[in-house]
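Colleague: I would like to learn how to read this kind of model, feature by feature. Where do we start?

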Amino acid sequence: MNDVSYKRPEYIEALDRWKMVQDVCAGQHRVVDRLPEINAHDTSDENKARNKAYRERAVYKNATGHTRNGLIGLSFHKDPTLKVPKKLEYLQDNANGAGISIYQQSQASLERILETGRHGLYVDYHSDDGAGGHAVILTYTAEDIINWRTGMVNGHLVLTMIVLREGKEEKDGFGVKITEQFRELALEADGFVCRVWQRKGPRGGGPLEVVEEHEPMTPSGRMKEIPFTFIGAQNNDPSVDESPLYDIAVINLGHYRNSADYEDSVFWCGQAQPWISGVDEQWLKMARDEGVYVGSRSPIPVPSGGQFGFAQPQANTLVKEAMADKNQMMIELGARMVMASIAAKTATESRGDQSAATSVLAICVANISEAYTRALMWCALYMGVSENVAYQVNQEFVELAADPQMIAALVQLWQQGGFAKVDLRAYLRRMGLIAPERTDQQIDNELAEQPDGLGLDDLESGNGGQPGAV
């Protein structure tokens, strides 16, 4: 198969699932077309109007999207920790070369992983005219990673080829047009090579041809691996992982269909219907000519022996029960924002529930941290930096509160020589009392510059000979 646009079977098989979850997360405007057609065989204007009203009356509760946003909020309620040398500090504010910070980019990556269970990072190198160059981290969605291949190199299973679909924006008068192209990343005998394929010919209808070819270099020579890493919901290998939100999205879509049926029944049967019995033709003619007004100030005369009343249908409990069941199912699967309140639980029960609900999230976050750390290593390789790099997204999803008594006891134990200072500071970082990115060396240097170790001259005499600061 020599067509660079070839798509792997597992990619094609997963596309519909990815699209469904993304539509459900996006909101009602994206799922309205997923409602069933009433009397699909009837193509009359009347039936089309009924189906249009049927869709407009349906109420969509976006439990899946709120769950996704809540999980992202849990992961990023504390800033991630970025450890890079000065030469790579620009990534903190501009990771992709377009002004997106590494924090914002990693949040978007987590969003995609929760929706599709799959994402990708590619490290590219941009040469700056007369000013050296800089490495950037580019992201690719699951839909744009269409083909890949692995192989054994020096006893290790590594990526040997990957094809990424891209959209190149070009000017078209005052408008723009998007041209599809494919980026081939290949590992050859001499090292990594990048090729860009586009269709040539009239209106881009010709065969795919290579229009660009690069052999990225590092200060030590050709890059010896493909600087691309997958991020998955289970692990970071090339296999297609299932979407963490897929089960909730399926139930959410079923809830929406139940809502459409319920609102339709409310519209057609929800209002009371007046009825009159015992009338004759003369009374019917009078009613048609003069009309009949219903209300407390408009008494309705009926013939002798006639009766007047209202017919009120019974509540459609079947559909309501189905909606309530799906609500509960979504809650149990992690959609905790569906209900406004939850019954009170003990601290132990709450912590256990939270741990179970965020176990999948913990795996996703750990995979993101690992992938971004690996991407930073490639950035350092391109930039000729040898220092260690790391990126860590918060995994403490349960907010820990600082315990003054515990802190006092730990400080006293440290002062007595029974507790290492590094462990004490690690505890304070977990409590949020020390910024995670501040190293012990930075803190020690700042303390050494202070006159008394505390920065409070008026307390120097009352220090009691104890160590001045943590």
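This is a predicted model: local features need pLDDT of at least 70, side-chain atom pairs count only at pLDDT 80 or more; totals for chains, interfaces and linings use all residues.

Colleague: How many cavities of 30 Å³ or more does the structure hold?

Modeller: The general idea is simple. Rolling a probe the size of a water molecule over the atoms shows where empty space is left. Here the structure holds one cavity of 30 Å³ or more.

Colleague: Which residues line the largest cavity?

Modeller: The lining consists of R17, W18, T116, D241, E242, S243 and Y246. Take W18 as the example. W18 sits in helix α1, residues 9–26.

Colleague: Is W18 buried or exposed?

Modeller: Buried means under 20% relative accessible area. W18 has 3%, so W18 is buried. Beyond its neighbours within four places in sequence, W18 contacts Y11, T116, R118, A142, E143 and V240. W18 and E115 are 97 residues apart in sequence, yet their C-alpha atoms are 6.9 Å apart in space.

Colleague: Next, H255. Why does H255 count as buried?

Modeller: Because its relative accessibility is 3%. H255 belongs to helix α6, residues 246–269. Leaving out residues up to four places away in sequence, H255 touches K61, M323, K326, N327 and M330.

Colleague: Now charges. How many salt bridges does a search of the whole structure find?

Modeller: Side chains of opposite charge can pair when their charged atoms come close. The search of the whole structure finds 21 salt bridges. One of them joins K19 and D23, with the closest N and O atoms 2.8 Å apart. Both residues lie in helix α1, four residues apart, about one turn of the helix.

Colleague: What is the spacing of K52 and E56 in helix α3?

Modeller: K52 and E56 are four residues apart, about one turn of the helix. Their salt bridge has its closest N and O atoms 2.6 Å apart. K52 and E56 are both exposed.

Colleague: And R195 with E184: are both buried or exposed?

Modeller: Both are buried. Their side chains meet in a salt bridge, 3.3 Å from N to O. R195 is in strand β7 (residues 191–199) and E184 in strand β6 (residues 175–188), so the pair ties together parts that are eleven residues apart in sequence.

Colleague: Backbone next. Where is N39, with its positive phi?

Modeller: Most residues other than glycine have a negative phi. N39 has a positive phi of about 50° although it is not a glycine. N39 lies in the loop between α2 (28–31) and α3 (45–57). N39 is partly exposed, because its relative accessibility is 36%. N154 also has a positive phi, near 55°. N154 lies in the loop between β4 (145–153) and β5 (156–172). At 73% relative accessibility, N154 counts as exposed.

Colleague: Last, the surface. Which residues make the nonpolar patch?

Modeller: V292, V294, V302, F308 and F310 make a nonpolar surface patch of about 390 Å². F308 is in strand β13, residues 307–311. Patch members need over 30% relative accessible area. F308 has 33%, so F308 counts as partly exposed.

Definitions and conventions: Residues are numbered from 1 along each chain as its sequence is written. Side-chain values use heavy atoms; hydrogens and water are left out. Patches are made of residues with over 30% relative accessible area and no salt bridge: like charges are joined within 9 Å, nonpolar side chains (Val, Leu, Ile, Met, Phe, Trp, Tyr) within 5 Å. Accessible areas come from the Shrake-Rupley method with a 1.4 Å probe; for residues, only the protein chains shown count as cover. A salt bridge is a side-chain nitrogen of Lys or Arg within 4 Å of a carboxyl oxygen of Asp or Glu. Helices (H or I, at least four residues) and strands (E, at least two) are DSSP runs, numbered from the N terminus. Buried means under 20% relative accessible area, exposed over 50%, partly exposed in between (1.4 Å probe, protein chains only). Contact means heavy atoms within 4.5 Å. On a 1 Å grid over the protein atoms alone, a cavity is a set of points where a 1.4 Å probe fits but cannot get out, and a pocket is an open set with protein on both sides within 12 Å along at least five of seven lines; lining residues have an atom within 4 Å of a point. Grid points are joined across faces, edges and corners, and a volume is the space filled by probe spheres set on the points.
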